[in-house]
Amino acid sequence: MATRFIGLDIGSTSIKLAEVENDQGSYTVTKQAVMPLEAGLIRDGDISAADVPVVAADLKAFLAAEKFSTRKAVVGLNGVSGIFVNRTTLGWHQPRDFHQAVANQMVGDRSLLVGAPTDVVFDSVVLNEFTEEDRKKLDVLLVGASPGLVERITGVAKKAGLTVVGAEPTAFSVLRAVKTVNRQEGYLDILVDIGHDVCNIMLHECSRPYALTLRADLGGNDLTKTIMEAIQDDDPVNAARAKQAYTQYAHVKRAVDDYLHRLVRAIESALNTYMASSPSPVVPAGVTLAGGGALLPGLRETVEAVLQRPTIIARFADEVGGAPEHFHEDNGLSYDYTAAVGLAMGETI
């Protein structure tokens, strides 16, 4: 029986919604829409409790006007200060239930997610089972979110009349929705999702997430601010124009080059940190760029040249139908809906 879910990607400038039908593992995007947001309501992936009802009221009216066919929603979490990730090794307590084993271990040791609050909401990805000193162990990626972040972000959807059936970091949803290269075991790929406020750097092996880094200083808005300073103009429209034609102006090119340098260094840092602590040898293979910031002229070429790895712009996975790449307001192509589509494809809570 086919089911439908709405993926809700709440960003700093808009909320992107994608309705996806799941028919026995075959996914079809049936509707997409974007609701602009007033500047300042969403910052670094989070929202204040006071602004939740404000955004929810606008979203409720928007949903009524757009006439989505379902009210079941999966919400993306992208709060830089509220998401915690750690790759670790845990004891294997219950051989028939890996995830329960992880949960049991986590209840006993909250320090596994450094800096997380004691009441952090946990989830996990079990990557491997192995034996060490005659004891079975699990190689696990632990993912946590602060209860406040979860309550505020899901609260927007709930107050708008949606039934929240799941919530997860948006980087995981992007990884689910994009097409990845099939490689042999031991080859590591890098997914870089550049949003307006937050940049996610995900290391994965054939869509199995191994590490995640969130950066609030590498979103598209950070570049826009840098360009505004360079052209001494606080009009974002003029900054966007300068960004697209930055090679024509030496002072703007310096600003963009500085951003590209910082972004590549962040990717290198995430990769080197992971490889230094990886429990097994891995070989960096390729880079996939996603999000609106991925379309910055020269970005793909710069990343490929510096990292010496094949670099591509994200495309939707083959199993995603319904022309999700088409932006609903014009005839161009946009992959800004990747996170929303990926959220609707999953129902993780």
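Predicted model: local features only at pLDDT ≥ 70, side-chain atom pairs only at ≥ 80, totals over all residues.
## Strand S12

Strand S12 spans residues 199-205, and because 7 of its 7 residues are buried, the strand is largely enclosed by the rest of the structure. Cys199, Ile201, Leu203 and Glu205 point one way from S12, while Asn200, Met202 and His204 point the other way; residues of both sets are buried.

On one side of the sequence, strand S11 (residues 187-194) pairs with S12 in the antiparallel sense over 6 bridges. The two strands are joined by a hairpin through 4 residues. Within this pairing, His204 of S12 is the bridge partner of Asp189.

Strand S13 (residues 208-215) is also antiparallel to S12, with 7 bridges between them. Here the bridge partner of His204 is Pro209 in S13. The hairpin formed by S12 and S13 has 2 residues between the strands, and Cys206 in this turn has a positive phi of about 50°.

## Helix H1

Helix H1 (residues 52-66) comprises 15 residues and reaches 21 Å from its first C-alpha to its last, close to the 21 Å expected at 1.5 Å a residue. Its buried residues include Val52, Val55, Ala56, Leu59, Phe62 and Leu63. These cover an arc of only 125° around the axis, which means that they lie on the same side of H1.

The cover over the buried residues of H1 includes strands S1 (3-10), S2 (14-23), S3 (26-36) and S5 (46-47), together with helix H3 (147-159). On the face turned away from the buried side, H1 carries the exposed residues Lys60 and Ala65. Lys67 follows H1 and has a positive phi, near 55°.

Technical notes. Residues numbered from 1 in each chain as written. Heavy atoms only, no water. Buried < 20%, exposed > 50% of the residue type's maximum accessible area, 1.4 Å probe, protein only. Pairing = 2+ DSSP bridges. Expected span 1.5 Å × (residues − 1). Arc of directions from axis to C-beta. Contact = heavy atoms within 4.5 Å.
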